[in-house]
Amino acid sequence: MSVSTTDRMSSDEKRAGVSLAAVFALRMLGLFLILPVFAIYAKELPSGNDVALVGIALGAYGLTQACLQIAYGAASDRFGRKPVIVFGLVVFVVGSFVAAFAGDIYIVIAGRVLQGAGAISAAVTALAADLTREQHLTKVMAMIGSSIGLVFAISMVGAPLLFVSIGMPGIFALTGILALLAIFVVLRVVPAAPAVPRQPTWQSFVEVLSHRQLLRLNFGVFALHLMLTAMWVLLPAELISTGGLPVAEHWKVYLPALLLSFVIMVPAIIVAERFARMKLIFNAAIVLLLLVQFGFGLFSAGLYGLAFWLTLFFVAFNILEATQPSLISRIAPPHAKGAALGVYNTTQALGLFLGGVFGGVLTKYAGPGAVWAGGAALALVWLMLGLSMSMPPLRTRQQAA
């Protein structure tokens with residue numbers, strides 16, 4: 001029997017998924033390009049030798065993201081998705097160029113705060129939900145999640161090369177240019193959003209904040225991005241000092257590690273979705289994160305040790321980054337998806353902010369080992385929550401019709 005056309009993604013749904021994933025990718029590429037090289041660049045700035053300030057600069061945009069994500073989502077309900085997304089991207093552009101022309105670490109922090117004030121993630125994911133039928137929403141969310149993993153990979157390889165060729169100010173300026181390109185995609189490529197009836201906002205948020213499965217995922221995305229940002233406070237300098245690798249050659253570690261991680265990640269995602277092993281794969285990735293924290297703390301001396309544990313981190317990160325938005329969209333009540341995505345993106349941004357602060361302050365006052373120990377503790381709590389989590393059943397074509 002042939003598959004009904006109602007079970008296939010329409011051309012507009014495909015266009016919405018690809019174009020919104022591109023908006024996410026263009027913006028996140030600019031942010032991720034900063035991670036592998038900023039701690040090296042900061043030493044050239046006044047007060048840039050203060051590792052706590054370096055950590056704050058890395059994570060500062062996450063603070064304003066966390067504060068404004070829900071507000072942007074609510075504004076998009078009232079004024080429309082596209083106007084709010086464009087406004088947020090304009091703010092991000094301004095912050096990028098403030099950081100590009102900064103003369104000290106404090107102005108860089110101000111620029112990063114402005115970048116974070118363009119908190120469009122919830123509005124973009126809500127627009128994706130508006131433009132996609134429920135039976136295809138998981139696919140679109142997976143597109144967005146996978147695009148983040150892809151640009152993360154590109155940035156890890158490209159950042160050291162860009163840093164050598166155009167410097168950190170050039171990278172900040174490039175982030176602004178990429179955001180301008182994202183504005184063009186929003187205005188010219190993304191389909192127009194349909195009118196969607198809304199539930200009372202406060203009722204949706206009460207429901208989301210009391211939903212145990214969603215709370216587990218919110219904690220998970222918080223922990224994952226806290227560990228991500230904290231790691232980049234330490235790793236670039238470690239590759240230089242114990243790995244003996246200059247910045248311009250860091251790609252020689254990042255590229256093989258990322259390629260190998262994708263080779264492992266893709267079959268894992270296929271097994272999780274096709275054979276209903278999502279809980280097994282999900283928790284295995286958390287276990288891997290836990291092992292990585294111990295590995296970096298105890299066994300990462302030398303270039304090969306750093307490369308090994310970084311590869312395992314990328315495997316876990318890419319699996320979790322691709323699966324969690326899909327799980328949020330499947331678990332959230334249909335009338336509260338926007339609220340669920342707003343809270344999810346807020347906790348993600350809070351993790352990015354606190355990861356920079358956490359990594360910088362702990363390194364300064366307690367040493368690098370405390371950073372890895374704190375990450376291990378977070379991963380252990382997440383694992384306990386993950387083991388008690390109920391995964392949503394996959395929708396069949398008959399159920400979706």
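In this predicted model, the second largest cavity is lined by Phe24, Arg27, Met28, Leu31, Tyr61, Gln65, Ser121, Ile148, Gln348 and Leu352. Rolling a probe the size of a water molecule over the atoms is a way to show where empty space is left. The count here comes to two cavities of 30 Å³ or more, and the points below take them one after the other.

**The second largest cavity**

- The space in the second largest cavity comes to about 50 Å³.
- Helix 1 (11-32), helix 3 (51-79) and helix 13 each supply at least two residues of this lining, and helix 1 gives the most to it, with four residues.
- Sorted by class, the residues lining the second largest cavity are six nonpolar, three polar and one charged.

**The largest cavity**

- About 100 Å³ of space lies in the largest cavity, which is lined by 11 residues, and of these Phe24, Ile148, Pro325, Tyr344 and Asn345 are the closest to its centre.
- Helix 7 (134-188), helix 12 (303-331) and helix 13 (337-366) are the elements that give two or more residues to the lining of the largest cavity, and among the elements helix 13 gives the most, with four residues.
- By class, the lining of the largest cavity consists of seven nonpolar, three polar and one charged residues.

**Residues and elements named for both**

- Phe24 and Ile148 are among the residues closest to the centre of the largest cavity, and Phe24 and Ile148 also line the second largest cavity.
- Helix 13 gives four residues to the lining of the largest cavity, and helix 13 also supplies at least two residues of the lining of the second largest cavity.

Conventions:
Residues are numbered from 1 along each chain as its sequence is written. This is a predicted model: local features need pLDDT of at least 70, side-chain atom pairs count only at pLDDT 80 or more; totals for chains, interfaces and linings use all residues. Side-chain values use heavy atoms; hydrogens and water are left out. On a 1 Å grid over the protein atoms alone, a cavity is a set of points where a 1.4 Å probe fits but cannot get out, and a pocket is an open set with protein on both sides within 12 Å along at least five of seven lines; lining residues have an atom within 4 Å of a point. Grid points are joined across faces, edges and corners, and a volume is the space filled by probe spheres set on the points. Ala, Val, Leu, Ile, Met, Phe, Trp, Tyr, Cys and Pro count as nonpolar, Asp, Glu, Lys and Arg as charged, and the others, Gly among them, as polar.
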